[in-house]
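Take a look at it first, and then we will walk through a few of its parts together.

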Amino acid sequence: MTSTDTSPTASGSRPDLEPTGSRPELPKSYDPAAVEVALYQRWVDAGYFHGDEAKVLSGEKRPFSIVLPPPNVTGDLHIGHALDHTLMDVLARWHRMSGDEVMWLPGMDHAGIATQNVVEKQLAVDGKTRHDFGRELFIEKVWDWKRESGGAILGQMRRLGDSIDWQRERFTLDDGLSAAVQTIFKQLYDAGLIYRAERITNWCPGCLTAISDIEVDHSEDEGELVSIRYGAPDSPVVIATTRVETMLGDTAIAVHPDDERYRQLIGTTVELPLVGRQIPIVGDSHVDPSFGTGMVKVTPAHDPNDFEIGRRHHLPAINIFTDDAQITGTGTPFDGMDRFQARAAIKQALREQGRIVAEKTPYLHSVGHCSRSGDVIEPRLSKQWFVKVGPLAKAAGDSVRQGLTTIHPPELAARFFDWVDNMHDWTISRQLWWGHRIPVWYGPDGEMRCVGPDEQPPGEGWTQDPDVLDTWFSSGLWPFSTMGWPEHTDTLKAFYPTSVLVTGYDILFFWVARMSMLGLYAMSEGTLDLRPGSQPFDVVALHGLVRDQFGKKMSKSKGNGIDPLELIDSYGADALRFTLARGANPGTDQSLATDWVAGSRNFCSKLFNATKFALLNGAAVPQQPPAGEQLTDADAWILERLDETVQRTTALLADYQFAKAAEGLYHYAWDEFCDWYVELAKVQLRAAEQAGDQQRIDSTRAVLGTALDGLLRLLHPFVPFVTETLWTTLTGGDSLVIAAWPQPSGREKRAGAKTFITDVDKLVTEIRRFRADQGIASNVSVAGRIRSADGDVASDGQLAGVVTPAAALTRLTAADDTFTASAALDVTLSGGVVTVELDTSGSIDVAAETARLRKDLAAAEKEIEQTTAKLGNQQLLAKAPEKVVTKLRSRQQAATAEKDRITARLDALDAAGRQGRQPQQDQPSQEGAAR
RNA sequence: GGGCGCGUAGCUCAGCGGAAGAGCACCCGGUUUACACCCGGGCGGUCGGCGGUUCGAACCCGUCCGCGCCCA
């Protein structure tokens, strides 16, 4: 429970976080940097973040579990993570306060390509490659790197305040998780759902490995479309291509079998330029006769469509590239050239032979890039391992269709179905060293054996497949491999399925589809029966991307990225969290700017100051909130608003509406509690002190305490640090982390409370407006008197309740014997019109006053016009609901009364002006001079 | 080419059938013992265009224009 962190802080003072007998004081201002790190450590040390299986299995508590989609071991916390984690933490903290047993499991992904690249780059500094060390030694070096430099993100997550169960940290290459990988690989292999085949795959010449479809990003790039004549100079064979160099691997020309133009050519051969090989012309119905000349070159080793054509016509597939995409084995002068170099050289050679028939440059077409390195993907024939996704993907789709898993927001489910229902087989082998090595061994006579985790590899003469598995394969097991699967552990029993997966919609296919497929398979013992409980998560909550302040995607090249850690340093973790949560509308992107975060920092300061005020005035949280009859209208109002805010916030969180929940709390805290209740409480306390009314003092303090206590609890999931600091000081309680989530009080609403605040607001605002128009500084007291139409307001209890605080809030002092009303304004309240008379020391700015009245008059006239037009419409009167008509009538009446009133006032001003410009000239006008 | 989404105040976004809203920015006052990271007041919008449905449309339906994203 003690603060262990002693890092230097920006400000010398820090709030004492230890609950003590006497109430500690808050410092002059709130400095997040001075408290956050120590507070976090205190929470961890207290064990608040640990989820206990026993409490779930005994039935004592409901489980709420989240597995963190594992970030890359090479990664840093970027702004997308910050959003992701904030939302998860809001849910985790809310559920923990609501009495659930929360288990949020952290960990990292070994990130095959990225991690291997990092270490290879280090080796390259010394001019070495991984081959200089050999596989075993190299892998040891990667582990060394992981121990020394990997996982920076875990420390950064603490800065954010993630209420994570650190005791459960996992890594995809841990022994247990590796055993899970091997187990499910063997199960799928034995079931025929994993197979090895020679196919066209996406080859990255930069990473020197095959990658899956999903790791390829397509973009519209400028290239060229070159039409080339094959065969003799007068040959009719002309094809068009964007990848000229692949012609070296052509093994046929294809035309549509029904194409009258070329039908007679089928079965003949044509000479392949530069190479000299004769290649056949085949008829294949895949060819589109309307595209280009209606003839296509066929390169079976380097294009998926051509591969299929090749298969149908038993054509050879000639690989013309090395692993790093240099031309090889063609017997032409182009051997040894890089693919782009070769493209230009071959085009030049063809041009010299007069074979270039046409050329379109630039030619916009879709080009695949490696999502990791950015290199242009080279489709290439290679032998790889695949997952046969058919039955798995169907199960994943059906689990959502049948409601085992719910996707929020629901619109995005369509995208999920679309993808999962049309998924290609998944390439899972990678030509890397860092990762889970494929557990398949090849025998001396070409046998193949898949080895399970408990089996001994075969001996002499057998060799293991050199490839490793796609990182997403092990990540796909994350929701259960981390809980001890394939053992039937208590953790799985207590916390699987996980309650919710929170991630960006851009990762829908990566995480959700993969975890879903493998989870459903593993937990159904391979039957893929969709029984409740086999799904890896009950809910998938998708958020959008964080963009810059102009809605542009953040990127390194644009330099518009924002570092969340810098924001935390400058404004505090709470400010960043609140900003992100406040922008998180389901499934839609949000923009972020430091100004926004500064605004949230200001909000945290506001909370701090409001609490400070409350404490200075003896606010206390009573065991029982004050009884209804002790409450003033202001008290009743703020407590009602608290009840409403409790209900609304709870409902919104249950619906993953983080932005609306945060916005509602901001409004309650600032616009209602601080701007109105606190100001009214000041008036109330002052009056009670003067009257010696101890009961009113106590009840006001109790309401202040109750309203603030509820607010801090509701805000805690969003801004845990500042609320913890304030709440422990206010209540002396141990920690908000384990405090109860608020419930509505059940108190009956007071009939007049809402009207009261509406009237106070209106009266105060009108007086302030008048004062501002008249140039009376807001800190100057003015003598004033407020009267109702039929006499003194004091005799009317309801009006007096409004008028007294309104006068105080607008700095009106009581009228004494010298009072001379030099200006007056009317304000229409719910109970009637009141007249506010002011002694402005004789001066009045008639022009300003006239302008204001004219503006109000215009508004009233517009209102009359609108309502009269509508009420004159017989159709509306006949068809619209009674409620609407009644409302229109009362609006029309009110506006008419306003118009009459304002007109009379304007006439009076006009008359006074004509009589002698200023009504009173006894005293020099101080305010007039000041203006 | 197919699918999804979005065009509302200077910027970023709520609102999705019955009186145009917020935050930030901007302008004018103000050191009011909780807060200048603040307080008070103010300016600012034919809700992308055009049609239609309806007594009534920012909101529903067409259509066009512009901008995103996903998939091929």
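Helices (H or I, at least four residues) and strands (E, at least two) are DSSP runs, numbered from the N terminus. This is a predicted model, in which local features need pLDDT of at least 70, side-chain atom pairs count only at pLDDT 80 or more, and totals for chains, interfaces and linings use all residues. Residues are numbered from 1 along each chain as its sequence is written, while chains are lettered from A and ligands numbered from 1 in the order in which they are written.

**Two packed helices**

- H23 (residues 753–773) and H24 (residues 797–809) pack at about 40 degrees with axes 9 Å apart; axes are lines fitted to C-alpha atoms, for helices over the stretch in contact, and angles run from 0 to 180 degrees between N-to-C directions.
- The residues making this contact (C-beta atoms, placed from the backbone, within 7 Å) include Phe756 and Leu763 of H23 and Val802 and Leu809 of H24.

**A pair of strands**

- Strands S7 (residues 216–229) and S8 run antiparallel and are joined by four bridges; two strands pair if DSSP finds at least two bridges between them.
- Ser227 has Ala240 of S8 as its bridge partner.

Note on methods:
Two residues are in contact if their C-beta atoms, placed from the backbone, lie within 7 Å.
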